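Please open the structure in your viewer and keep the selection panel at hand. The stops below say what to select next and what to look for there.

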Amino acid sequence: MPDLHRIEALPRLGGRSVLVRGWVMTTRSSGKIAFVMLRDGTGYLQVVLSKKDVPDAAWEAFGRLTQETSVEVTGLVRADTRAPGGVELTAADLTILGPSEDFPITPKEHGTAFLFEHRHLWLRSRRQVAIARVRHEVIQAIRDFFYERNFVLVDTPILTGAIGEAAGNLFSTEYFDLGTAYLAQTGQLYVEAAAAAHGKVYCFGPTFRAEKSKTRRHLTEFWMVEPEVAWNDSDDNMKLQEEFVSYVVARSLERKRAELVDLERDTTALERVRPPFPRISYTDAVEKLKALGSDIEWGRDLGGDAETLLAKQYDRPVMVYNYPKAVKAFYMKENPADPRTVLNNDMLAPEGYGEIIGGSQREDDYDRLLTRIREEKLPEEAYSWYLDLRKYGTFVHAGFGLGVERTVAWICGIPHIREAIAFPRTLYKLWP
RNA sequence: UCCCGAGUAGCUCAGCUGGUAGAGCAGCCGGCUGUUAACCGGCGGGUCGCAGGUUCGAGUCCUGCCUCGGGAGCCA
């Protein structure tokens with residue numbers, strides 16, 4: 001029997017006899033000649049069977065092929081312009097390895113509810129395979145970016161005591177004799193501690209939000225990468241963000257172009273994603289939005305509609321900085337030039353994908369931070385270790401969080417964030 | 001929590017002002033030696049989300065409930 005090869009290797013094996021294993025996507029036949037579209041995870045291959053050239057058992061097996069049957073095929077690799085992909089396999093033999101009865105996901109249309117009920121099987125479809133591979137590249141690019149710049153990865157806890165922001169939107173669980181533990185909604189406070197140890201750090205892991213959000217931009221469990229850099233101010237922070245996002249997009253274009261083409265993504269929109277990104281202050285953004293007909297008022301956070309409207313004015317991600325203090329988290333540093341605002345910024349992706357980054361320079365003054373904790377009526381004791389960071393050699397520092405699924409959804413050009421993760425967790429989806 | 005929308009065959013949907021439930025795909029049988037979501041002919045397939053009400057008669061009208069989708073709020 002010939003050697004086993006993956007479909008991705010076949011274009012280089014023209015004229016050779018090979019063994020391929022995979023799953024049947026579709027079959028077609030015209031009486032005495034038959035076609036099988038096969039996938040093995042590395043690619044897609046058309047197999048051609050001619051009744052007179054294969055054993056009777058193989059021809060009979062073809063008749064029993066159904067969608068997603070796993071098979072073993074031997075044959076001759078041949079270039080052929082009639083084959084999708086340009087290469088096909090002229091079968092010498094075909095054996096069924098695992099039958100597949102009534103595969104639920106047919107080549108026709110399905111609704112999203114049905115598809116997510118069958119997410120474990122939907123993952124096999126061509127489109128979902130392409131998205132997963134772009135995600136894989138995005139994550140690898142994230143790690144490479146920080147590795148190349150000598151950031152240290154620090155894994156932050158998923159189980160935490162009362163910390164972060166208000167506890168109402170956190171998942172909770174009993175934790176031995178210590179009372180209630182919460183699932184982390186950010187690793188930021190911990191990376192701030194680690195930044196004083198290593199200078200440049202990041203954490204990367206799952207985050208949990210118990211918000212009852214039902215939108216195409218929200219998940220209850222999502223992946224977030226959060227760099228934190230000692231001695232960076234808000235301007236440095238924004239500079240890092242635009243370099244970072246440009247790097248991730250460029251890597252996706254460079255190494256996953258075929259997948260983006262599969263997804264019918266307009267890659268010219270991604271080619272434009274290079275520094276510098278436009279920057280606009282919150283105050284100027286409000287004026288601009290008003291001129292565009294929005295009913296936004298200074299002091300309110302930007303809603304989804306306002307974000308989309310603003311982002312549409314630019315051909316690459318836009319950074320909005322210095323929001324009103326009242327609508328932002330306690331740990332953000334007050335803007336010395338305008339104490340009504342803080343030194344923060346959001347990055348809005350183009351094409352309506354919304355906020356992919358939220359970041360800020362952190363409050364590094366002990367007394368002001370304590371005042372803010374008290375103003376927000378947060379449990380002071382729980383933040384004693386966080387306050388310690390300002391007590392022992394306080395330092396200017398800034399960081400941000402990037403949502404992986406939102407970024408992947410934007411790069412892929414898919415309408416819903418749920419498709420950007422293998423097994424999404426949403427308000428009504430805990431299975432499969 | 002609030003506001004919209006949708007539940008009819010395995011799937012996607014149509015079903016008008018109330019009058020005996022339909023199509024395409026999938027499945028099964030047959031045909032075809034180059035198909036590209038192949039095509040052609042045939043066959044089977046239904047508690048119309050649930051409960052109640054109006055009516056001679058309800059998939060269709062009314063009330064309540066359930067489930068799901070989108071959006072608001074919150075955020076990545």
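Helices (H or I, at least four residues) and strands (E, at least two) are DSSP runs, numbered from the N terminus, and axes are lines fitted to C-alpha atoms, for helices over the stretch in contact, with angles that run from 0 to 180 degrees between N-to-C directions. Two residues are in contact if their C-beta atoms, placed from the backbone, lie within 7 Å.

Before moving on, note that this is a predicted model, in which local features need pLDDT of at least 70 and side-chain atom pairs count only at pLDDT 80 or more, while totals for chains, interfaces and linings use all residues. Residues are numbered from 1 along each chain as its sequence is written, and chains are lettered from A and ligands numbered from 1 in the order in which they are written.

Select strand 1 (residues 17–29) together with strand 2 (residues 33–39), which pair in the antiparallel sense over six bridges; at Ser29, the bridge partner in strand 2 is Ala34.

Now zoom out to the whole of chain A, which is divided into domain 1 (7–98) and domain 2 (119–420), with bounds that come from an automatic or database domain assignment. The centres of domain 1 and domain 2, taken over C-alpha atoms, are separated by 46 Å.

Show RNA strand B and the residues around it. How many residues surround RNA strand B? There are 58, and the closest are Gly31, Gly111, Gly304, Gly358 and Gly403, where a residue is near a molecule or strand if its C-beta atom, placed from the backbone, lies within 6 Å of it. The residues of this surface divide into 15 nonpolar, 23 polar and 20 charged; Ala, Val, Leu, Ile, Met, Phe, Trp, Tyr, Cys and Pro count as nonpolar, Asp, Glu, Lys and Arg as charged, and the others, Gly among them, as polar. Strand 15 (residues 354–361) gives the most to the surface near RNA strand B, with five residues.

Move to the open sheet of three strands, whose order is 7-9-8 and whose pairing is antiparallel. Its edge strands are strand 7 (159–160) and strand 8 (172–174), each of which pairs on one side only. Strand 8 and strand 9 (residues 180–183) pair over three bridges; Thr173 stands opposite Ala181, and the bridge partner of Glu174 is Thr180. In the hairpin of these two strands, which has five residues between them, Phe176 takes a positive phi near 45°. On the other pairing, two bridges join strand 7 to strand 9, and Thr160 stands opposite Tyr182.

Select helix 5 (residues 188–198), whose buried residues are Gln188, Tyr190, Val191, Glu192, Ala194 and Ala195. A residue is buried if 20 or more other C-beta atoms lie within 10 Å of its own, exposed if 12 or fewer, and partly exposed in between, with C-beta atoms placed from the backbone. The buried residues of helix 5 pack against strand 10 (200–208), strand 11 (221–230), helix 12 (384–391) and strand 16 (397–403). Helix 5 is followed by Gly199, whose phi is positive, near 85°.

Finish with some backbone details, starting at the cis peptide bond that joins Pro275 and Pro276, where omega is about -5°; Pro276 is found in the loop between helix 8 (267–271) and strand 12 (279–281). The peptide bond from Trp431 to Pro432 is also cis, with omega near -5°, and Pro432 lies in the segment after helix 13 (404–412).

Then select Asn322, in the loop between strand 13 (318–321) and strand 14 (344–349), and Glu351, in the loop between strand 14 and strand 15. Phi of Asn322 is near 60°, a positive value in a residue other than glycine, and phi of Glu351 is likewise near 60°. Is Asn322 buried or exposed? Asn322 is buried, with 24 other C-beta atoms within 10 Å, whereas Glu351, with 13 C-beta neighbours inside 10 Å, counts as partly exposed.

Conventions: Two strands pair if DSSP finds at least two bridges between them.
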